[in-house]
Each structure stands twice: as C-alpha cells, then as structure tokens.
Amino acid sequence: RAVVVVRLGGEGGVWRSVGAGGGARTERLAAAWARVELEAVQPRGNRLWLAERGRRVAVGGFLTAQERTEVAGLIGQGLERWRRGPVGR
C-alpha cells in the first residue's frame, strides 16, 4: 500500500511518501511558504501538489479526484492552523 504523510511543526513541515513497493522519499518544506495547489486535469480529474518557493511535490496520485479534493482542503486547514500558531500566544 502506498502512503503519504504530511507533518507540520516547529519551523516547517515534512512530506514523506512510501510507495506500494516500499520505496520511500522525504522532502522538507518551509511551512511558512508552503501552499496547496489543486490543478484541474481534463476530463474531470485533478492533481494535488504541495508547493513552496518555485518547487512542487505531487501528492496522492493513488487517490481518486474526489479524495484529492478533500485532502487538499485538510492540508490547507492544517497550514492555516500552523500559521496562526498555538492558542493563547
């Protein structure tokens, strides 16, 4: 099974992907610059990217278009919460 994990904390984020064959890839992201991009692809498809300062990392190629849309929203919410910082700061 393929899996992608995105974690935000401290000064940045970590994106880790493990493919169905077991191969792993890890990328570090400056969360302050990170953004989510959902690119429309015809017909009725999309691609999900994590982007920062001129580079993009594809996320969730194994998901359906609807699942990628949902994940884009969740990651976007996580980035917003991270940028706001801890409650009571």
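A salt bridge here is a side-chain nitrogen of Lys or Arg within 4 Å of a carboxyl oxygen of Asp or Glu. By that rule, this predicted model holds seven salt bridges.

| Salt bridge | N to O distance |
|---|---|
| R55 and E27 | 2.6 Å |
| R35 and E37 | 3.1 Å |
| E80 and R83 | 3.6 Å |

Take R55 and E27, whose side chains meet at 2.6 Å. R55 sits in strand 6 and E27 in strand 3 (residues 24-29), so this bridge ties together parts that are 28 residues apart in sequence. R55 counts as partly exposed, at 30% relative accessibility, while E27 comes in at 18% and counts as buried. The two also belong to a network of salt bridges that links R25, E27, E52 and R55.

E80 and R83 are another story: they are three residues apart in helix 1, which puts about one helical turn between them. E80 is partly exposed at 42% relative accessible area, and R83 is partly exposed too, at 34%. As for R35, its 38% relative accessibility makes that residue partly exposed.

Now for the greasy part. The largest nonpolar core has 11 residues, among them W15, L29, L50, V57 and V59. Strand 5 (45-52), strand 6 (55-59) and helix 1 (65-84) each supply at least two residues of this core, and helix 1 gives the largest share, three residues.

Notes: Residues are numbered from 1 along each chain as its sequence is written. This is a predicted model: local features need pLDDT of at least 70, side-chain atom pairs count only at pLDDT 80 or more; totals for chains, interfaces and linings use all residues. Side-chain values use heavy atoms; hydrogens and water are left out. A nonpolar core is a set of buried Ala, Val, Leu, Ile, Met, Phe, Trp, Tyr and Cys residues joined through side-chain atoms within 4.5 Å. Buried means under 20% relative accessible area, exposed over 50%, partly exposed in between (1.4 Å probe, protein chains only). Helices (H or I, at least four residues) and strands (E, at least two) are DSSP runs, numbered from the N terminus.
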